[in-house]
Amino acid sequence: MLAEHTRFFAYPYQIDQAEMAIFGVPFDCTTSNKPGTRFAPARMRLESINLETYSPDQNLDLADLKVADLGDLICPFGNARKVLDLVYQQTEYILEQNKMPIMIGGEHLLTLGAVEAMNEKYSDLQLVQLDAHTDLRDEYLDEKLSHATVIKHCYNLLGTDRIHAYGIRSGMREEFEFAEQNLNFNPFDLKGMSKLKDKLQNKPVYVTLDLDVLDPAFFPGTGTPEPGGVTFKELLSELFTLQDLNIVGFDLVELCPEVDPSGISTAAACKVLREMLLIAGKSKNII
Ligand code: MN
Ligand code: MN
């Protein structure tokens with residue numbers, strides 16, 4: 001018998017055998033504080049092997065879900081738009097196979113490539129953002145493509161009232177004012193998430209989970225830690241309310257494993273991934 005360390009949760013499936021497909025994007029070139037999110041997909045693969053596939057919270061098991069790990073994109077470092085195009089193509093490919101795309105970053109800018117592809121397939125796409133930061137700048141250090149501008153780009157694609165933001169506690173005054181006016185904006189905590197079911201009904205939902213929404217006490221391994229965040233238990237209990245939505249894809253971004261040598265943050269990210277896979281499976285009635 002051989003050990004399997006090369007795929008998330010040691011899933012053996014090819015894409016044509018699976019219901020969902022994960023890919024990693026080891027890219028962090030616009031990171032403004034501590035870099036290193038490029039190492040997240042590989043570290044999460046290793047750590048995921050150590051996690052039970054069974055979720056006691058949901059009474060569901062990853063063994064009952066077929067997920068393919070497509071590996072990591074090869075990223076041309078220094079060319080953010082080219083990397084976004086690769087993310088777009090990979091997401092489009094997965095959608096063409098009628099599978100649910102799941103992206104593991106990398107930095108938050110990568111979400112733009114995925115949302116561009118999702119928005120082509122789903123005309124009424126809704127974006128649920130969990131984050132400590134607004135990410136609504138027009139540019140950062142004269143760069144339009146940045147992890148600090150990603151949600152503004154998504155807004156420019158989707159328009160008003162299609163972005164639902166939670167947990168945000170940092171940004172410029174102008175970003176907060178913009179968010180209040182143009183987003184379904186729920187700063188500081190995740191309490192309003194349970195209302196999404198009534199609001200969105202069966203509309204297609206893409207969830208972008210910037211893991212720095214967690215308090216740094218629970219998740220120190222991130223490039224731009226922001227005190228005042230939610231606990232791990234609060235995050236999970238609010239994520240469970242997403243089961244009732246029509247989830248069509250999601251991403252986890254901004255784990256920076258190297259800045260947390262204890263491994264707590266990588267373990268937290270893997271557990272969030274397990275729970276999110278099961279939530280998405282439940283949302284699709286395939287588990
Ligand atoms: Mn972010
Ligand atoms: Mn953030």
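What spacing do the donors of the manganese ion (ligand 2) follow along the chain? In this predicted model, the spacing is D-x1-H-x76-D-x1-D. The protein donors behind this pattern are Asp131 (OD), His133 (ND1), Asp210 (OD), Asp212 (OD) and Asp212 (OD), and they lie 2.1 to 2.5 Å from the ion. Aspartate 131 lies in the loop between β6 (126-130) and α4 (150-158), whereas aspartate 210 belongs to strand β9 (residues 204-210), so the pair ties together parts that are 79 residues apart in sequence. Both aspartate 131 and aspartate 210 are buried.

Strand β1 (residues 20-25) was examined next. Six of its six residues are buried, so β1 is largely enclosed by the rest of the structure. In a regular strand, side chains alternate between the two faces of the sheet. In β1, Met20, Ile22 and Gly24 point one way, while Ala21, Phe23 and Val25 point the other way. Residues on either side of β1 are buried.

β1 pairs with two strands described here. With strand β4 (residues 67-72), the pairing is parallel and extends over four bridges. Within this pair, alanine 21 stands opposite alanine 68 of β4. Strand β5 (residues 100-105) also runs parallel to β1, and six bridges join them. Here, glycine 24 of β1 stands opposite isoleucine 104 of β5.

Two helix residues complete the description. Glutamate 116 is located in helix α3 (residues 111-121). Its relative accessible area is 18%, and a residue counts as buried under 20%, so glutamate 116 is buried. The side chain of glutamate 116 makes a polar contact of 2.9 Å with the side chain of arginine 81. When residues up to four places away in sequence are not counted, glutamate 116 touches Arg81, Tyr88 and Leu157. Arg81 is therefore both a polar partner and one of the residues touched by glutamate 116.

Leucine 46 is located in helix α1 (residues 40-48). Its relative accessibility is 46%, which lies between the limits of 20% and 50%, so leucine 46 counts as partly exposed. Leucine 46 and valine 150 are 104 residues apart in sequence, and their C-alpha atoms are 28 Å apart in space.

Conventions: Residues are numbered from 1 along each chain as its sequence is written. Chains are lettered from A and ligands numbered from 1 in the order in which they are written. This is a predicted model: local features need pLDDT of at least 70, side-chain atom pairs count only at pLDDT 80 or more; totals for chains, interfaces and linings use all residues. Side-chain values use heavy atoms; hydrogens and water are left out. Buried means under 20% relative accessible area, exposed over 50%, partly exposed in between (1.4 Å probe, protein chains only). A polar contact is a pair of N or O atoms within 3.5 Å; within protein, one must be able to donate a hydrogen and the other to accept it, and residues adjacent in sequence count only if both atoms are side-chain atoms. Contact means heavy atoms within 4.5 Å. Donors are N, O and S atoms within 2.8 Å of the metal (3.2 Å for Na, K and Ca); water is not among the atoms, so sites may look incomplete. Two strands pair if DSSP finds at least two bridges between them.
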